[in-house]
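Please consider the model shown below.

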Amino acid sequence: MIVPILQYYALGEGVTAFSSTRQGGCSEGRYGEFNINRYCGDSEEAIRQNRQALCGLLGISDDRLLMPHQVHLTQMAVIDEPFLQCPTPDQQARLEGVDALMTDVTGVCIGVSTADCIPVLLADTTHRAVCAVHAGWRGTVKRIVEKAVAKMTGTYGSRPADIIVQIGPGISLDSFEVGDEVYEAFAAEGFNMESISQRYPTKDNDGSKWHIDLPACNRQQLVAAGISPANIAVSPVCTYKQSETFFSARRLSINSGRIFTGIMITG
């Protein structure tokens, strides 16, 4: 019997929130052990068994575990009862090209898949609504977390002051080396570059390159959206440095497993 090893987060009463680690599954090689992402080349049978184990741990059926096919944009999907009543192919079509999910339905685990990108979980226990966001650098530049807060406000009546946030495991500032074009993309969007970027010597010491602090940039956006800094927790995990415990595409290649960061209203 396999039992996924999860890192849990406190996001209010009646909410289960977590990130998966690499432990407690049956995938092998660079997908080992726990991976449920169907878009990175892992065995379909291993994914099926890993999903079954996670659903067993969460006490839900497989059709209540939802993850989109992400494309690094800002499209969002609302998971409601009409969505859940759709046939599986229709659901999959509606989850194509989506980078954030939100729901107010009890017993539905929504989540996003990452391996260096930043997963962000939001919970509004007042209106009993939750959201999971995939914020890679492209999504971060496009202010996906700000848009998620606005979407929760418009969909559920959420007040930013009531939302609790967990920024999950992702690549850290000193590990996230980028080209000048990435730095310039952030600068063009008006971000405070002094607070989210720094130049580091290159690995072969033949110069220096920009590094971007994705967790800090997403945190700044959440504060700008009206969320209290006291309600935002940031994971200390750097996936690049801790790739034995958490998947890192930069360490393991894109043909490797993914972290699943999920959230569910439980009661």
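The account begins with a strand and its partners and then turns to a helix.

This is a predicted model, in which local features need pLDDT of at least 70 and side-chain atom pairs count only at pLDDT 80 or more, while totals for chains, interfaces and linings use all residues. Residues are numbered from 1 along each chain as its sequence is written, and side-chain values use heavy atoms, with hydrogens and water left out.

Helices (H or I, at least four residues) and strands (E, at least two) are DSSP runs, numbered from the N terminus. Strand β9 spans residues 163-167; four of its five residues are buried, so β9 is largely enclosed by the rest of the structure. Buried here denotes under 20% relative accessible area, exposed over 50%, and partly exposed in between (1.4 Å probe, protein chains only).

Two strands pair if DSSP finds at least two bridges between them. Strand β7 (residues 118-124) runs antiparallel to β9, joined to it by five bridges, and V120 stands opposite I167 of β9. Strand β13 (residues 232-234) runs parallel to β9, with three bridges between them; here V165 has I232 as its bridge partner.

Helix α6 (residues 180-188) has V182, Y183 and F186 among its buried residues. These three cover an arc of only 100° around the axis, which puts them on the same side of α6; the arc is that of the directions from the helix axis to the C-beta atoms. An α-helix has 3.6 residues a turn, so residues three or four places apart point the same way. On the other side of α6, E181 and A188 are exposed. After α6 comes G190, with a positive phi near 85°.
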